[in-house]
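Here is a colleague's note to read beside the sequence and the structure. Please keep both in view and check each point as you go.

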Amino acid sequence: MRNIFSLSSALAEKDMIIFEAENGREGLKQLDAFPDIDLVLMDIMMPEMDGYEAMRCIRKDPRFRSLPIIALTAKVMKGDREGCLNAGASDYIPKPVDMEKLFSLLRVWLYSAAASDPVTMT
C-alpha cells in the first residue's frame, strides 16, 4: 500500500488520473470497468494474483492486446525483465522506482499509444 500511495501521489502531481488496485484480481476488475485506461503500472509481487498472471489475463483480452503495461518488481535478478516481457509487459522498471526513469517510460509509452490511435492524431 505504501508503494501505491507514493506512486499515485507522484503521478497525480503530473495531473494523471489514477485507478488503484491492491492485487491482480482487483486490477482486472478496474480495467474491465475502465477499459479506456491509457497505461498500466503492474506490480509483480501482489497477493491473490501476481503481476505475471494478471498481465497474461490482460493480454488474452483483445481490447488490451496493445495496452502499454510497465512492470514493477523489487527482484532485480537476471531474467526478470525477460520474464515480465514474456508475461505481457511492454516494459520493465525495478523498485525502488527511479521517478525520472518512470516518467521517461511513461512519456515513451503514452506517446506511442497516442501516435498509433488515429482518433488522437491531429
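1. On a 1 Å grid over the protein atoms alone, a pocket is an open set of points with protein on both sides within 12 Å along at least five of seven lines, whereas a cavity is a set of points where a 1.4 Å probe fits but cannot get out, and lining residues have an atom within 4 Å of a point. Grid points are joined across faces, edges and corners, and a volume is the space filled by probe spheres set on the points. With these terms, the largest pocket has a volume of about 1,100 Å³.

2. The model is predicted, and for that reason local features need pLDDT of at least 70 and side-chain atom pairs count only at pLDDT 80 or more, while totals for chains, interfaces and linings use all residues. Residues are numbered from 1 along each chain as its sequence is written, and side-chain values use heavy atoms, with hydrogens and water left out.

3. The chain contains five helices and three strands, where helices (H or I, at least four residues) and strands (E, at least two) are DSSP runs numbered from the N terminus. Read along the sequence, these elements follow the pattern α-α-β-α-β-α-β-α.

4. Which residues lie nearest the centre of the largest pocket? They are Ile18, Phe19, Glu20, Val40 and Leu41, out of a lining of 42 residues. The elements that give two or more residues to this lining are α1 (2-12), α2 (24-33), β1 (40-43), α3 (51-60) and α5 (99-116), and the largest share, six residues, comes from α1. By class, the lining has 28 nonpolar, seven polar and seven charged residues; here Ala, Val, Leu, Ile, Met, Phe, Trp, Tyr, Cys and Pro count as nonpolar, Asp, Glu, Lys and Arg as charged, and the others, Gly among them, as polar.

5. The three strands form an open sheet in the order β1-β2-β3, with parallel pairing. β1 and β3 stand at the edges, each with a single partner strand, so one side of each is left without a neighbour in the sheet. Neighbouring strands of this sheet are turned by 25° against each other on average, direction ignored. Two strands are said to pair if DSSP finds at least two bridges between them, and β1 and β2 (residues 69-73) pair in the parallel sense over four bridges. Within this pairing, the bridge partner of Asp43 is Leu72 in β2.

6. Two helices lie across the sheet strands. α3 lies across β1 and β2, running at about 145° to β1, while α4 (residues 80-87) lies across β2 and β3, running at about 140° to β3. Axes are lines fitted to C-alpha atoms, for helices over the stretch in contact, and angles run from 0 to 180 degrees between N-to-C directions; contact means heavy atoms within 4.5 Å.

7. Thr73 has a relative accessible area of 1% and, leaving aside its neighbours within four places in sequence, is in contact with Ile44, Tyr92, Ile93, Pro94 and Lys95.

8. Phe103 is found in helix α5 and is buried, with a relative accessible area of 9%. Phe103 and Leu11 are 92 residues apart in sequence and 8.7 Å apart in space, C-alpha to C-alpha. Not counting residues up to four places away in sequence, Phe103 touches Ala10, Leu11 and Lys14.

9. Some backbone details in the loops deserve a careful look. The peptide bond from Lys95 to Pro96 is cis, with omega near 0°, and Pro96 is placed in the loop between β3 (91-94) and α5. Asp15, in the loop between α1 and α2, has a phi near 65°, a positive value in a residue other than glycine, and Asp15 is exposed, with a relative accessible area of 73%. Glu48, in the loop between β1 and α3, has a phi near 70°, again positive in a residue other than glycine, and Glu48 is exposed at 59% relative accessible area.

Conventions. Buried means under 20% relative accessible area, exposed over 50%, partly exposed in between (1.4 Å probe, protein chains only).
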